Amino acid sequence: MICFNCRKQIPDNSETCPSCGRPIVHREQLGKEISLRRYQRWFFYGVLVLIFLGMILAIVKIYNANTKLLLSVSSVQKELEEAKGTLGTTEAELAQREELLKQVQADLLEKSQAVDVKTEEFKTVLNEKTAIEEKYSQSQLDLSSAEANIYNLIIRLGVGISNENLKKIPVADANLEGDDTDGDGLSDLAEEALGTDAAKVDTDGDGYNDKQEILTGFNPLGAGNLGIDMDFANKQKGKILLQVEGHGEAWYVNTGDGERYFLGKPADAFRIMRSVEYWTKK
Ligand SMILES: [Ca+2]
Ligand SMILES: [Ca+2]
């Protein structure tokens, strides 16, 4: 046997080298140690591989978990964006509806105010009509029963009318005579009802006297015409119209020609109404 250290021949089964004193390792023992170390090395490698695989597994798990989390966050963000979009649309619609509501409320208020104004106008006309009817009733006290019947007729048939609407009905050339201060052919009474100046032949000074203008449908108080409206006039046929904006002057709209016949003030009306020709003229 040879010493592995000093390479000299030594007796078999020596525990130490007699030459260099180095402990002798026998082949069987060396084989065991090598096997042991090989086993230890493989064990170490195995543990390393297991640790490595464990780490890989852990990384994959973490990666998967993170990916899921990111996907989840992304999905939530997307839903949030969609919700924001929906909210934006809803807010816009809400604003639009609020605007519409405001407009409707404004219209309603405007119409309500218009109704109030009309109601007031109606009340005024009604009050004036009532006042005229009272005047007729008072006048009636001094009349004979036959004349009283005529007044009853006026009260029953009389309809209040504004001056503006009255202008739409042509004036008949009848019963316009009487006390005539300016001598233009229109009685002072008729001029008061027509709104012209009883002291001027030509109230607006345009070269045409008041009666000419009235009978031809022109405005005796200025430029333009009276705005005759035969559709309107025809609807008033057969009615006794009372000037609620004047002194209660009465006009009768003939059923034939649709012209208005001056009946005068309440106190004079009966005299005219007895003249049958004005009721039947064609
Ligand atoms: Ca006159
Ligand atoms: Ca004139």
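Cys3 counts as partly exposed, because 18 C-beta neighbours lie inside 10 Å, and a residue needs 20 or more to be buried, or 12 or fewer to be exposed. This is a predicted model, so everything described here is computed from it.

Where does Cys3 lie? Its place is in the segment before helix H1, the helix that covers 27–140. Leaving aside neighbours within four places in sequence, Cys3 is in contact with Lys8, Ile10, Cys17, Ser19, Cys20, Arg22 and Ile24.

## The protein as a whole

Now for a wider view. The protein has eight helices and four strands. Along the sequence they follow the pattern α-α-β-α-α-α-α-β-β-β-α-α.

Of the 282 residues of the protein, 19% count as buried. Among contacts in the protein with a separation of 6 or more, 44% come from residues 24 or more positions apart.

## The four-stranded sheet

In which order do the four strands line up? They form an open sheet in the order S1-S2-S3-S4, and the pairing is mixed. Strand S1 (158–161) and strand S4 (260–264) stand at the edges; each has a single partner strand, so one side of each is left without a neighbour in the sheet. On average, neighbouring strands of this sheet are turned by 35° against each other, direction ignored.

To see one pairing in detail, look at S1 and strand S2 (residues 240–243), which run parallel and are joined by four bridges. Here Gly160 stands opposite Leu242 in S2.

## Two residues with positive phi

Arg7 has a phi near 65°, a positive value in a residue other than glycine. Like Cys3, Arg7 lies in the segment before H1. Is Arg7 buried or exposed? Arg7 is exposed, because 10 other C-beta atoms lie within 10 Å, and exposed residues are those with 12 or fewer.

Asn175 also has a positive phi, about 60°, although it is not a glycine. You will find Asn175 in the loop between helix H3 (163–166) and helix H4 (188–194). Asn175 counts as buried, because it has 20 C-beta neighbours inside 10 Å, and 20 or more is what a buried residue needs.

Conventions: Residues numbered from 1 in each chain as written. Chains lettered and ligands numbered in written order. Predicted model: local features only at pLDDT ≥ 70, side-chain atom pairs only at ≥ 80, totals over all residues. Contact = placed C-beta atoms within 7 Å. Pairing = 2+ DSSP bridges. Axes fitted to C-alpha atoms, helices over the stretch in contact; angles between N-to-C directions.
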